[in-house]
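Here is a walk through the structure shown below, one element at a time. Keep the viewer open and follow along.

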Amino acid sequence: MSDMNYYFDENHPLRPFTISLEANINSLVPNNALRIKPEFKQGFWPCEYNGSWIQIDDYRNINLFMKKSGEQTEMKDLGKLPTHLTTIIPDCDFPVFDENLNKFVENQQAKTDHTILQNNKIKESELNQANQKIAVLQDIIDFDMQESDEDQQLKAWKKYRIQLTRIDINNLEISWPEKPE
């Protein structure tokens, strides 16, 4: 029967277990090892403390989430879970952690800000498209080069552009005008 050395990282402040290796019979225990087998429990990691193993919280390789944003993150070291992190998975699009409910809830301000930003992008894109169409149609008419109903198309696109400019992007429920064909 052989002895085992259970090594720990003596340079780490928590002195976590690293590896076990067979020991030479009748050898002395190295300074960075114990001959006591560490116990492994889920959610903990054995660390050497005063010649024995203690259990330290281990959140490495576990999905963690920032309470402020719901963004996924990770812990790279052993220790207690910081108060700004949780293991609870966000279940909404714009999460913020509610300490009283102990769950993520919808961050209404972030949702509103996102909707307004999206409304602005849509409005700008549609206005750019309308301006391009109007410019070409206006050139066609200015040079008397229209082929069919291009003067009606110009009026429809100008009307569409006016409708777009009157849209309040801060309104969360926008009814976008119908685009001319």
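Let's start at a helix end: N107 caps the N-terminal end of α1, with a side-chain oxygen 3.2 Å from the backbone nitrogen of Q109. Before going on, note that this is a predicted model, where local features need pLDDT of at least 70, side-chain atom pairs count only at pLDDT 80 or more, and totals for chains, interfaces and linings use all residues. Residues are numbered from 1 along each chain as its sequence is written, and side-chain values use heavy atoms, with hydrogens and water left out.

Just after α1, D144 takes a positive phi of about 50 degrees.

Which residues of α1 are buried? They are N119, K123, E126, L127, A130, I134, L137 and I140. (Buried means under 20% relative accessible area, exposed over 50%, and partly exposed in between, using a 1.4 Å probe and protein chains only.) Part of their cover comes from α2 (150-165), where contact means heavy atoms within 4.5 Å.

Now hop over to α2. Its 16 residues reach 22 Å from first C-alpha to last, close to the 22 Å expected at 1.5 Å a residue. Buried here are E150, L154, W157, Y160 and L164. They cover an arc of only 125 degrees around the axis, which puts them on the same side of α2; the arc is that of the directions from the helix axis to the C-beta atoms. On the other side of α2, K155 and K159 are exposed.

Next, the strands. β2, β1 and β3 form an open sheet in the order β2-β1-β3, with antiparallel pairing. β2 (17-23) and β3 (33-34) stand at the edges, each with a single partner strand, so one side of each is left without a neighbour in the sheet. Two strands pair if DSSP finds at least two bridges between them; β1 (residues 3-8) and β2 are joined by six. One of the bridge partners to look for is A23 in β2, which faces D3 in that pairing.

Aromatic rings come next. A search of the whole structure finds seven aromatic pairs (rings of Phe, Tyr and Trp, the last by its six-membered ring, pair if their centres lie within 6.5 Å; planes under 30 degrees apart count as stacked, over 60 as edge-to-face and the rest as tilted). The rings of F17 and F40 have their centres 5.4 Å apart and their planes at 75 degrees, so the pair is edge-to-face. F17 lies in strand β2 and F40 in the loop between β3 and β4 (44-49), so the pair ties together parts that are 23 residues apart in sequence. F17 is buried at 11% relative accessibility, while F40 is partly exposed at 45%. Both belong to one aromatic cluster, formed by F8, F17, F40, W45 and W53.

How values were computed: Helices (H or I, at least four residues) and strands (E, at least two) are DSSP runs, numbered from the N terminus. A polar contact is a pair of N or O atoms within 3.5 Å; within protein, one must be able to donate a hydrogen and the other to accept it, and residues adjacent in sequence count only if both atoms are side-chain atoms. The expected span of a helix is 1.5 Å times one less than its number of residues.
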